[in-house]
Amino acid sequence: MRGTLTGQRYVDDNLRTHEVPLLNGLPGAIFQQDNARSHTARVAQDFLRHFHTLPWPGCSPDLSPVVHVWDQLKWQMTSCHSVHDLELAV
């Protein structure tokens, strides 16, 4: 994804197109997200008000293993200072 993930972009590009169709097909499903700014934006919270979401306390540890993969990747690619550098390295 290029650019900044705003709350509105999160709703339009992720929730509306991917997560909501999945949630609608799973009665009783609980949606989980962390406290990223785009997730806590008012537009995202308003959009999700009709769905059951898992409360996520602030400053809680991230339980998603992919976050640790991204941390390792960032640590190993400290020489990348632009998207172009990153694309070349990957």
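I began with confidence: the mean pLDDT (the predictor's confidence in each residue, from 0 to 100) of the chain is 86, and 96% of its residues reach 70 or more. The model is predicted, so I noted that local features need pLDDT of at least 70, that side-chain atom pairs count only at pLDDT 80 or more, and that totals for chains, interfaces and linings use all residues. Residues are numbered from 1 along each chain as its sequence is written, and side-chain values use heavy atoms, with hydrogens and water left out.

I then looked up the secondary structure, with helices (H or I, at least four residues) and strands (E, at least two) taken as DSSP runs numbered from the N terminus. The chain has five helices and zero strands, in the order α-α-α-α-α from the N terminus.

Next I checked the dimensions. The radius of gyration, taken over C-alpha atoms, is 16 Å; a compact globule of 90 residues would have one near 12 Å, by the rule of 2.2 Å times the number of residues to the power 0.38. I recorded a C-alpha trace spanning about 45 × 25 × 25 Å along its principal axes.

For burial (under 20% relative accessible area, 1.4 Å probe, protein chains only), I found that 19% of the 90 residues count as buried.

Last, I examined contacts (heavy atoms within 4.5 Å): of those between residues at least 6 apart in sequence, 39% join residues at least 24 apart.

Key: Buried < 20%, exposed > 50% of the residue type's maximum accessible area, 1.4 Å probe, protein only.
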